[in-house]
Amino acid sequence: MTRIMIIVGSVRPGRVGLSVAEWVRDRVQETVQRDGHGGGDAASIDLVDLAELNLPFLDEPHHPVKKQYTKPHTVAWSERVSAADAIVLVSPEYNHSYSPALKNAIDFLFTEWAHKPVAVVSYGGASAGTRGVAALDPVLSTVGLVKIAANPEINFIGSKMVDGVFQGDDKLAGTVAAMTTQLIETAEALTPLR
């Protein structure tokens, strides 16, 4: 079974990221059930809301590569990320970059990210968050994540919210389905390295 972690990259009050991540989670589950990737329960999904996780600003005294964690919140985060086989980041664009909460969550760990496929579901205005993804790319490769080709992009996010709930369309659902297939296939291929 492939364990897919979906991380909500925004903690800002009034954010839309959680609703987008829930919509993505439902499409991932539909794809797994429809395509039967490897059988009945081919994937499990762990939705991580960074606002709920509430990591402090990086407070470990040792470099994460050493895995000499001293804080219970770091140990718990390490165990949760270690259990994942693939990662989906639901990321807004902030000033041509990505959110500081997402950077902090990534920086807490190092080896736990290695040899796992990652996709970024980006959202924003006209650029659909793509400038934020461009800023995020070197961070992902530095910690050993392997970016797949299918990365859904959502432009003019405000126009796709109805009463606080994200309303994706069939085209976006198709991209999320392709993303899901690529994540599972790549996670399986990278298993020996993990």
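In this predicted model, E60 is found in the loop that runs between helix α2 (50–53) and helix α3 (72–82). What is the nearest side chain of opposite charge to E60, and how far away is it? It is K71, at 6.2 Å, and E60 is thus a buried residue that has no salt bridge, since a salt bridge is counted only within 4 Å. Setting aside residues up to four places away in sequence, E60 touches Q68, Y69, T70, K71, T74 and F108.

A polar atom of the S10 side chain lies 3.3 Å from the backbone nitrogen of R12, while the contacts of S10 beyond four places in sequence are with R15, D49, P92, Y94, S99 and Y123.

Helix α1, residues 17–35, leads on to the packing of helices, for it meets helix α6, residues 170–190, at an angle of about 65°, with the two axes 9 Å apart. The crossing of α1 and α6 is right-handed. On the α1 side the residues that meet α6 include W23, V24, R27, V28 and T31, and on the α6 side they include L172, A173, V176, A177 and I184.

M161 lies in strand β7, residues 161–162, and counts as buried because its relative accessibility is 18%, where the limit is under 20%. With neighbours up to four places away left out, M161 touches V16, S19 and F166. The C-alpha atom of M161 is separated by 34 Å from that of E112, a residue 49 places away along the chain.

In helix α4, residues 100–107, the buried residues are L102, N104, A105 and I106, and their cover includes β1 (2–8), α2, α3, β3 (86–92) and α5 (130–142). The side chains of K103 and D107 meet in a salt bridge with an N to O distance of 2.7 Å; both residues lie in α4, four residues apart, which is about one turn of the helix. An α-helix has 3.6 residues a turn, so residues three or four places apart point the same way. D107 is partly exposed because its relative accessible area is 27%, and K103 is partly exposed with a value of 30%.

How many salt bridges does the structure hold? There are nine. One of them joins D46 and R80, whose closest N and O atoms are 2.8 Å apart. This pair links distant parts of the chain, with D46 in strand β2 (residues 43–49) and R80 in helix α3, 34 residues apart. D46 is partly exposed, with a relative accessible area of 25%, and R80 also counts as partly exposed, at 29%.

R131 and E93 form another salt bridge through their side chains, at 2.6 Å from N to O. R131 lies in helix α5 and E93 in the loop between β3 and α4, so this pair ties together parts that are 38 residues apart in sequence. Here R131 counts as partly exposed at 38% relative accessibility, whereas E93 is buried, with a relative accessible area of 16%. Finally, R3, D85 and R194 are linked in a network of salt bridges.

How values were computed
Residues are numbered from 1 along each chain as its sequence is written. This is a predicted model: local features need pLDDT of at least 70, side-chain atom pairs count only at pLDDT 80 or more; totals for chains, interfaces and linings use all residues. Side-chain values use heavy atoms; hydrogens and water are left out. Helices (H or I, at least four residues) and strands (E, at least two) are DSSP runs, numbered from the N terminus. Buried means under 20% relative accessible area, exposed over 50%, partly exposed in between (1.4 Å probe, protein chains only). Lys and Arg count as positive and Asp and Glu as negative; His and the chain ends are not counted. Contact means heavy atoms within 4.5 Å. Axes are lines fitted to C-alpha atoms, for helices over the stretch in contact, and angles run from 0 to 180 degrees between N-to-C directions. A crossing is left-handed if the near helix is turned anticlockwise from the far one by less than a right angle, and right-handed if clockwise. A polar contact is a pair of N or O atoms within 3.5 Å; within protein, one must be able to donate a hydrogen and the other to accept it, and residues adjacent in sequence count only if both atoms are side-chain atoms.
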